[in-house]
Amino acid sequence: MSRILCVSGASSDVGCCLIRAVAENYDRIVCHYNRSMEPMRELQEQFGEKIVPIQADFSDETSTVRFARTVVESGLAPQHFVHLAASSFVNVKFGKTDWKSFEREIGIDFRSAVILSQTFAPLMVKQKYGKIIYMLSSMIVQKPEKPFSTAYTCTKHALFGLMKSLAAEYAGKHVTVNAVSPSVIDTKFLRIPGLVKQMNIESSPIKRLLTPEDVVPTFAFLLSPGADTITGQNIPVTAGN
Ligand SMILES: NC(=O)c1ccc[n+]([C@@H]2O[C@H](COP(=O)([O-])OP(=O)(O)OC[C@H]3O[C@@H](n4cnc5c(N)ncnc54)[C@H](OP(=O)(O)O)[C@@H]3O)[C@@H](O)[C@H]2O)c1
């Protein structure tokens, strides 16, 4: 049986860092991207045919369903699925967050998680082996809660609920479902204002933002055999924040 990993949002800094860290454990890695083809080319240069880039715009339900179908029909149904895709984090007041912003955030991050998990999980059950990991955020665990990110925070809470529900439903069926909740990660895509970035650095016990390398080992552990009996857990990676 081929060992297959599927990473949504593989084109993000966290996605590329994760794939480099765990690539040797897999025969094929389905790398989802939306607009950023360059990171895919770099991964292909490094790992050759093991990397299978597939494009999809998760703000579009049809594109999302097509992605799920393409993966399965290409014989690439994964045993391991890591869901990283999300729309860019924006700092905006609730009064200025229209319903379209909620819909977009929910479509990209949550609906895609539902569609892909619904496609992959039953196949994992058939193979008697599978792992699903969702990328959440410290917004789920941090006290006090941070303002100005209603759509993002609500969507991550919906994903948290999905993780808990699926973990319960698939317990005893050889499929684990977990989540990771990091605080702010300094990625090339970080689009928060300089002042907010500085406030996050100052409020961090380690006085810096996280890097993808701080976060990836937690994913790698959850994907490892050592985590086969861990399910329904959300692991904060917040340096104590
Ligand atoms: N950075 C942080 O501070 C932080 C902290 C905690 C959690 N997170 C989470 O970590 C994950 C990665 O975020 P990041 O900060 O590394 O970078 P990012 O740019 O926010 O990553 C977003 C990823 O989602 C994909 N994406 C964006 N719009 C999409 C769409 N319409 N359809 C399908 N995919 C789409 C992007 O693909 P393309 O680039 O190919 O378009 C990219 O791979 C997200 O789930 C985020 O919520 C980030």
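## The second largest pocket

Two helices, α4 and α5, each supply at least two residues of the lining of the second largest pocket. The model is a predicted one. About 170 Å³ of space lies in this pocket.

Its lining counts 13 residues. Nearest the centre lie Ser88, Val90, Ser101, Glu105 and Ala151. Sorted by class, the lining has 6 polar, 4 nonpolar and 3 charged residues.

## The largest nonpolar core

In soluble globular proteins, nonpolar side chains tend to be buried together. Here, the largest nonpolar core has 33 residues. Val30, Phe67, Phe81, Tyr134 and Val177 touch the most other members.

At least two residues come from each of β1 (4-8), β3 (51-55), β5 (130-135) and β6 (175-182). The helices α3 (61-73), α4 (99-127) and α5 (150-170) also supply at least two each. The largest share, 7 residues, comes from α4.

## Around Tyr134

What is Tyr134 in contact with, leaving aside its neighbours within four places in sequence? The list includes Phe81, His83, Ala113 and Ser117. Leu159, Leu162, Met163 and Leu166 are in contact with Tyr134 too.

## The cavity

How many cavities of 30 Å³ or more does the structure hold? The count is 1. The largest cavity has a volume of about 70 Å³.

Residues lining the largest cavity include Ser183, Val184, Asn200, Arg208, Thr238 and Asn241. By class, this lining has 5 nonpolar, 5 polar and 1 charged residues.

Technical notes: Residues numbered from 1 in each chain as written. Predicted model: local features only at pLDDT ≥ 70, side-chain atom pairs only at ≥ 80, totals over all residues. Heavy atoms only, no water. Core = buried A, V, L, I, M, F, W, Y, C linked by side-chain atoms within 4.5 Å. Buried < 20%, exposed > 50% of the residue type's maximum accessible area, 1.4 Å probe, protein only. Helix = DSSP H or I, 4+ residues; strand = E, 2+ residues; numbered from the N terminus. Contact = heavy atoms within 4.5 Å. 1 Å grid on protein atoms, 1.4 Å probe; cavity = no way out; pocket = protein on both sides within 12 Å on 5 of 7 lines; lining within 4 Å. Points joined across faces, edges and corners; volume = space filled by probe spheres on them. Nonpolar A, V, L, I, M, F, W, Y, C, P; charged D, E, K, R; others polar.
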